[in-house]
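Take a moment to look at the sequence and the model side by side before reading on. The paragraphs below go from the whole chain to its parts.

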Amino acid sequence: MSTPRFHRLAVNELRRETADAISMTFSIPQELSGDYNFLPGQYLTLRTTMDGEEVRRSYSICSGPDDGELRIAVKKVDGGAFSNWAADELKSGDELDVMTVDRERLIFGCVHWDQFIFLIAEDEPMACPRLDHYGFSVSSRAELDAAVERARAFHGEDPRVDLIDTTVDDQGVVKIHSMYVGYLLPMMIELQYWEFV
Ligand SMILES: Cc1cc2nc3c(=O)[nH]c(=O)nc-3n(C[C@H](O)[C@H](O)[C@H](O)COP(=O)(O)OP(=O)(O)OC[C@H]3O[C@@H](n4cnc5c(N)ncnc54)[C@H](O)[C@@H]3O)c2cc1C
């Protein structure tokens, strides 16, 4: 695996997706095409200079490996330097430093596009007590129940799946339905559904 490095690439197609989000592809010279091959769940790091300071930001690749393009989407963040600049100022033909895809780093989406787990390979594996967890939310009890069912079915095939069934924490104005699941990663994942009453 080669060490990730930056190349200056021109923005190819820049598309306005919503009022506050754009997507863009990059023109990749033939000789660099191998460096930008990617797998689902990988991301690009962009680098530019803003007000004399180097700024680096990462964006998930939102095209598929067989789509024939390398596309990312940037959504404006309130007060965010790079995202607002990219959404308002950037245009086709402008150039950015784009890091080659780093295969050691993987992101797995979870339930919604803006919820993800970001894994970094390290020589010394991370360890933590059971029940240390990441939290993700789902939008309905049915979605939560379906996730529990999937985890239970998977546990049937592989006993390393660590499942803690759904409990409901009644806080009066909101009931928090949550389950925990762990598999191979050091931390468990908590899925929550917030039922506002
Ligand atoms: C692996 C990975 C993948 C990602 N994929 C995507 C993606 O696909 N699409 C996407 O849109 N984003 C993605 N992101 C997020 C993206 O990298 C940026 O973090 C995001 O665009 C915001 O950058 P920004 O420069 O606009 O905001 P920043 O300037 O970094 O600001 C972020 C927030 O912090 C606040 N802030 C900044 N400085 C200060 C300060 N000094 N004091 C107080 N508050 C401050 C800002 O007001 C703003 O609310 C991803 C991030 C990672 C790590």
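What percentage of the 197 residues in the protein chain do the buried residues make up? In this predicted model, buried residues account for 14% of the chain. The C-alpha trace spans about 55 × 40 × 30 Å along its principal axes, and the secondary structure of the chain consists of 2 helices and 12 strands. If you follow the chain from the N terminus, the elements come in the order β-β-β-β-β-α-β-β-β-β-α-β-β-β. Of the contacts between residues at least 6 apart in sequence, 52% join residues at least 24 apart.

We can now turn to a sheet. Strands of a sheet pair through backbone hydrogen bonds, and the pairing is either parallel or antiparallel. Here 6 strands form an open sheet in the order E4-E3-E6-E1-E2-E5, with antiparallel pairing. Strand E4 (53-60) and strand E5 (71-75) are its edge strands, each of which pairs on one side only. On average, neighbouring strands of this sheet are turned by 40 degrees against each other, when direction is ignored. Strand E3, which covers residues 43-50, is joined to E4 by 8 bridges, and the two run antiparallel; Thr 49, for its part, stands opposite Glu 54 in E4. Helix H1 (residues 81-88) packs on the sheet, where the helix touches strand E2 (21-27), E3, E4 and E5, and the direction of H1 makes about 110 degrees with that of E5.

Which residues are closest to the ligand? They are Ser 60, Gly 79, Gly 80, Phe 82 and Ser 83, out of 19 residues that surround the ligand. E4, E5 and H1 are the elements that give two or more residues to this shell, and the residues of the shell divide into 10 nonpolar, 6 polar and 3 charged.

A last stop is Leu 70, a residue placed in the loop between E4 and E5. Leu 70 and Ser 27, although 43 residues apart in sequence, are 8.5 Å apart in space from C-alpha to C-alpha.

Terms used
Residues are numbered from 1 along each chain as its sequence is written. This is a predicted model: local features need pLDDT of at least 70, side-chain atom pairs count only at pLDDT 80 or more; totals for chains, interfaces and linings use all residues. Helices (H or I, at least four residues) and strands (E, at least two) are DSSP runs, numbered from the N terminus. A residue is buried if 20 or more other C-beta atoms lie within 10 Å of its own, exposed if 12 or fewer, and partly exposed in between; C-beta atoms are placed from the backbone. Two residues are in contact if their C-beta atoms, placed from the backbone, lie within 7 Å. Two strands pair if DSSP finds at least two bridges between them. Axes are lines fitted to C-alpha atoms, for helices over the stretch in contact, and angles run from 0 to 180 degrees between N-to-C directions. A residue is near a molecule or strand if its C-beta atom, placed from the backbone, lies within 6 Å of it. Ala, Val, Leu, Ile, Met, Phe, Trp, Tyr, Cys and Pro count as nonpolar, Asp, Glu, Lys and Arg as charged, and the others, Gly among them, as polar.
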